[in-house]
Amino acid sequence: MSQREVQLESITAEALAALEQAKDAAAVEAVRVLYLGRQGKLTEQFSAMKDPGLASEEKGKLGKQLNAAKQRLEEALAARRTNLSGSAPAKSSGIDATLPGYPPSIGRSHPISQVIDRILNNFRAQGFSVVQGPEIEVERNNFDALNIPPDHPSREGFDTFYMADHGKRTGYLLRSHTSPVQIRFMDTHKPPLRIVVPGRVYRPDAVDATHCFQFHQVEGLAVCPGLTFGDLKGTLIAWARGMFGEKARLRFRPHYFPFTEPSAEADLSCIFCDGKGCRVCGQKGWLEILGCGMVHPEVFKAVNYLPGTTGFAFGMGVERIAMLLHGIEDIRYFYENDARFLEQFPGGIR
Ligand code: PHE
């Protein structure tokens, strides 16, 4: 190696080491000026090219070496700049202003609220109004006026939460269904009427994958001269198609409720297998989703409606429908307030 080459090597090594030490953009720029500036140490080496004693062959070789050194330093400068712009600036501030920010968490409606909204919208489309009632009720609205006799099993302490004061019942209870809102509304309104009632209800059930002591229902009530069971079926079928798609079918099985006569349970054609039978519907092809019937004459009597009044009512559990719609296997997910679960339902803000 010629003396020039050794010198060139050492200048380059020195420049690269200085660059390594440069902790911010200003320091990098200082290194650039020191070596590649107009009077820079590397720039100066180029003047050797003007040496008249230099053979043209040597000149070519030196030129190549100088350009290679310059290019190497320029690349290192560029790399150091990118490297610095991607990491913390001054350590002293304690804040890394170059990190991407956290997106603000703006929340959204709960999956249960989203399903309630869908249920209600599909009834609004048929002219139903949305009405609400209190969660604390009196026995008359939750039971008596709904033709549920005092000795009915649903009135026992293990099926209803009663409010007590020093062990003595106060006459208040947590409503065990949304049906008492039928009574409240009819107490204060004359027919014709068409309402849907969303809300929270309470039952002292042991908590498991499909039960909770608190859940949601949507109640429906229509009262109008001449209403028949056919109107009830037509209303629910139109709702089911809006809710689950045009292919949805409903099957009505005779059932018993004290406040409707006749009464039925409605099954929805399985939304997963379209009725063919699968794991979700237990190979039955049908999913039980609601209770319904023609309002019992005793209920109309309790709210002082005229004899011969006709109407239908229905009630459904929201959690069950939400679980079916989303393929959720445990009701408890709804109440754990775990963002990892809730974020999977990107519905709008209510
Ligand atoms: N209230 C009933 C329940 O909770 C559902 C229902 C409502 C049935 C209206 C018929 C009519 O099970």
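Is Asp187 buried, partly exposed or exposed, and what is its relative accessible area? Asp187 is partly exposed, at 37% (buried means under 20% relative accessible area, exposed over 50%, partly exposed in between, with a 1.4 Å probe and protein chains only).

A few notes to go with the model:

1. First, the ground rules. This is a predicted model, in which local features need pLDDT of at least 70, side-chain atom pairs count only at pLDDT 80 or more, and totals for chains, interfaces and linings use all residues. Residues are numbered from 1 along each chain as its sequence is written, and side-chain values use heavy atoms, leaving out hydrogens and water.

2. On domains, the assignment gives domain 1 (3-93) and domain 2 (112-342); such bounds come from an automatic or database domain assignment. Their C-alpha centres lie 80 Å apart.

3. Now back to Asp187. Its salt-bridge partner is Arg140, with the closest N and O atoms 2.6 Å apart (a salt bridge is a side-chain nitrogen of Lys or Arg within 4 Å of a carboxyl oxygen of Asp or Glu). This pair links distant parts of the chain, 47 residues apart: Arg140 sits in helix H6 and Asp187 in helix H7 (residues 180-188). Helices (H or I, at least four residues) and strands (E, at least two) are DSSP runs, numbered from the N terminus. Arg140 is partly exposed too, at 32%.

4. Helix H6 (residues 139-142) also holds Glu139. The side chains of Glu139 and Arg155 meet in a salt bridge of 2.8 Å, N to O. Arg155 lies in the loop between H6 and E3, so the pair ties together parts that are 16 residues apart in sequence. Glu139 is partly exposed at 22%, whereas Arg155 is buried at 10%.

5. Elsewhere, salt bridges that share partners join Arg251, Arg253, Glu265, Asp267 and Glu288 into one network. The whole structure has 17 salt bridges.

6. Finally, the sheet. Three strands form an open sheet in the order E2-E4-E3, with antiparallel pairing (two strands pair if DSSP finds at least two bridges between them). Strands E2 (136-138) and E3 (161-165) stand at the edges with a single partner strand each, so one side of each has no neighbour in the sheet. E3 and strand E4 (residues 168-174) pair over 4 bridges, and Phe161 stands opposite Leu174 in E4.
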